[in-house]
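Here's a quick tour of one protein chain, with a look at who pairs with whom and what sits where.

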Amino acid sequence: MYQPPRDSQSSPSGAYTAPRRFTLLFSLPALLIACALLAGTAQAPVANAVATASTQDLSPTERQRRVSKLVSNVIERSHYRQSPINDPVSSLVLDRFVEQLDGGRSYFLASDVAEFERYRYQLDDAVVSGKLEPVFAIFNRFQVRNRERIAYALELLKTEPDFSVDEYFEFDRAKAPWAKSPADLNEIWRQRVKNDAVSLMLTEKPWAETRDVLQKRYERVLKRTEQITSDDIFEVFMNAFAHVFDPHSSYFSPRNSEEYRIQMSLSYEGIGASLQLVDDYVTVLNVLPGGAAAASSQINVNDRIIAVGEGRNGKPVDVVGWRLDDVVQLIRGKVNTTVHLQILPAGAAPGSPQKDIYLTRSKVTLEAQASKKEIRKVKRGDAELTIGIINVPSFYQDFEAKSAGEKEYRSTTRDVRKLIEELRAEKMDALVMDLRGNGGGHLTEATALSGLFIPAGPIVQLRETGGRVEVLDDPEPTIAWDGPMIVLVDRFSASASEIFAAAIQDYGRGVVVGQQTYGKGSVQNLYPLDRYALGPEPGFGQLTVTIGKYYRVTGESTQHRGVQPDISMPTAISTEEVGESTRESALPWDRIRPVEFGREAQLTQAVATLEQSHQRRIAEDADFVSLLGDLDSFEKVRSQKKVSLSLQKRIAEREAQEAERLARENKRRAAHGLAPVAKMADLNPTDTPDPTLAEAAEIAADMSGIGTLYLSKLKNDGGTAATP
């Protein structure tokens, strides 16, 4: 979540002192962008690094030594954990750095990893002193192993594999043992290359074309080795170090600092998605509100981009194994031009059917990401209820217009208040606030939006590194809606979204429906490192450091645990793969003293009644039954750790999956009196139902019928102060 930044303080000597107060609360999209950018110049080239005959060993520069000392100084003095940089930190840094280089355990030998043990308790001293030779020694060994692997892969392409052999490739090697010998690595790579070939041949490419595509892919990896610089390796290592303290403390190189500024301006040309590199695949990390990807509803988190083309007639270029920043340059282009993406859907095993998507490039702007409303009519007996739905994609504010003194500047709270007024004019009976996928934004908007539904009182508490606690109150003078209310969330609802949902839940003002939220309850400060360096162009980059946490009025943190919904909904987003609790170094959940606030209603009995009706309804709803079937099928694919290397078996598996999906879809269509489709490709993605939102509207309608029993207190006297 973002607040107008306040400069960090420094003494005349340049030594760091603690910042005066909270300066930066990154939203989830901002943090995902940060991860994507780091992958673009660090993780991506590292994953593809190869040492050629002309490659010289990389070594640290004097500038990097200075930056390393500076970063360690800032983190040790300012990070919320207040942890010293010592041997236990060094041990964790080594594990993280090796994982960054070879997370799939497909390059290093067990003997290499054993040799790195000499550095296990030296990396803390290396960071503090700037003596980074051990870091580059590890990477230079990786270069040697990577060269050997790619050379072997190219050699394998000289002979067509036997695709009739019934064998399996273990593609998830994150917890596999390290290979003991080159022969063991050769076998891993034989299967890996064969799987790459099977995946291409499933798209009806013959062996000759498949071989040519893979040869160009692997040769491209070799060629791009020359682009790897010591800055790339330094950035990977500094983030391995920073992430030991928590996942949201990150170092940005000078190049990535500028890219980050462009991304955060929300005024750039492209498809509106954050990307990262995962096992040679450019993967969708987040879909940004207001962009072409979000508007299309065809791209999802964890989808993999396997090819990019220009226009509707341009031939797609295979981008598997490319540097991330090069793929981004292919995707970006002039506004109103078309980019063609070939997508391997999220969770699909390698070789699953690809999707062809055409997107019109656009600018991601404040206007495009603004809140929007819709109305759904829900029948209850002879009555037809009007359910207002407001989609809030982010907590935005036109800070420049506000600073310039414009009275009508745009913001989430102002827009939502106007939308509520319009919905009230249309006789709205109940309201659904849809915060799914909302990763946060301005803290002031989180407190102000809460104030549209809650009388005057505290909204959230902020605790800084030194232990000082600040309580932020509702700044809104009047309530915009005092009727029945549902807050719809999912795992990607984070930061400011969690502050809002928690406040509504704690005050008993509405019912939270959906999925456990992300659990991002920490505060970051942005340090531009150049201001602490000498010289006109030092090129030190910038650093984000976690300096605080925020807490609910009940005293409980949303960090790590997020907000638990009152009524749960099924979703394809796995809480085991997404969320703060999946991050090894995430700050823990804890609690502080509660503050006094006026609870508006006790909704426990109401939730039990709503839950019963919800369960009865979804058991009979065709769209929901179809959704549950899709999720069950998806979970089976996601749980796979290996795939068959038999081409005919893979074809049969794919056809069976497609037939199952088609049967499920046509059963759903029949329940609605719609004609069946011959194949899934005939479906228009924009016509896909949203059973979760539809059910949220049904719950809102149910709440409208019982709301007077639980919300009368708010209407009568505005609540009384009580200690929870």
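E556 and R591 form a salt bridge, with their closest N and O atoms 3.1 Å apart. (A salt bridge here is a side-chain nitrogen of Lys or Arg within 4 Å of a carboxyl oxygen of Asp or Glu.) The pair links distant parts of the chain: E556 is in the loop between β19 (542–551) and β20 (567–568), while R591 is in the loop between β20 and α17 (604–620), 35 residues apart. R591 is exposed, at 52% relative accessible area, whereas E556 is partly exposed, at 27%. Buried means under 20% relative accessible area, exposed means over 50%, and partly exposed is in between (1.4 Å probe, protein chains only).

Before going on, a word on where this comes from: this is a predicted model, in which local features need pLDDT of at least 70 and side-chain atom pairs count only at pLDDT 80 or more, while totals for chains, interfaces and linings use all residues. Residues are numbered from 1 along each chain as its sequence is written, and side-chain values use heavy atoms, with hydrogens and water left out.

Back to the charged pairs. The count of salt bridges comes to 43. One of them joins the side chains of E310 and R361 at 2.8 Å, N to O. E310 lies in strand β6 (residues 304–310) and R361 in the loop between β9 (355–360) and β10 (362–363), so this pair ties together parts that are 51 residues apart in sequence. Helices (H or I, at least four residues) and strands (E, at least two) are DSSP runs, numbered from the N terminus. R410 and D415 also meet through their side chains in a salt bridge, at 2.8 Å, N to O.

| Residue | Relative accessible area | Class |
|---|---|---|
| E310 | 46% | partly exposed |
| R361 | 0% | buried |
| R410 | 26% | partly exposed |
| D415 | 7% | buried |

Salt bridges can also join up into a network, as they do for D112, E115, R118, R141, R145 and E148.

Leaving out residues up to four places away in sequence, T558 touches E498, A502, G519, K520, G521, Y550, R552 and V563. Contact here means heavy atoms within 4.5 Å.

Another loop to look at is the one between β13 (430–434) and α15 (443–451), where G439 is found. G439 is buried, with 3% relative accessible area.

D125 is partly exposed, at 48% relative accessibility. D125 and K69 are 56 residues apart in sequence and 10.0 Å apart in space, C-alpha to C-alpha.

Finally, the whole chain. There are 20 helices and 21 strands, and 56% of the 724 residues are buried. Of the contacts with a separation of 6 or more, 78% are between residues 24 or more positions apart.
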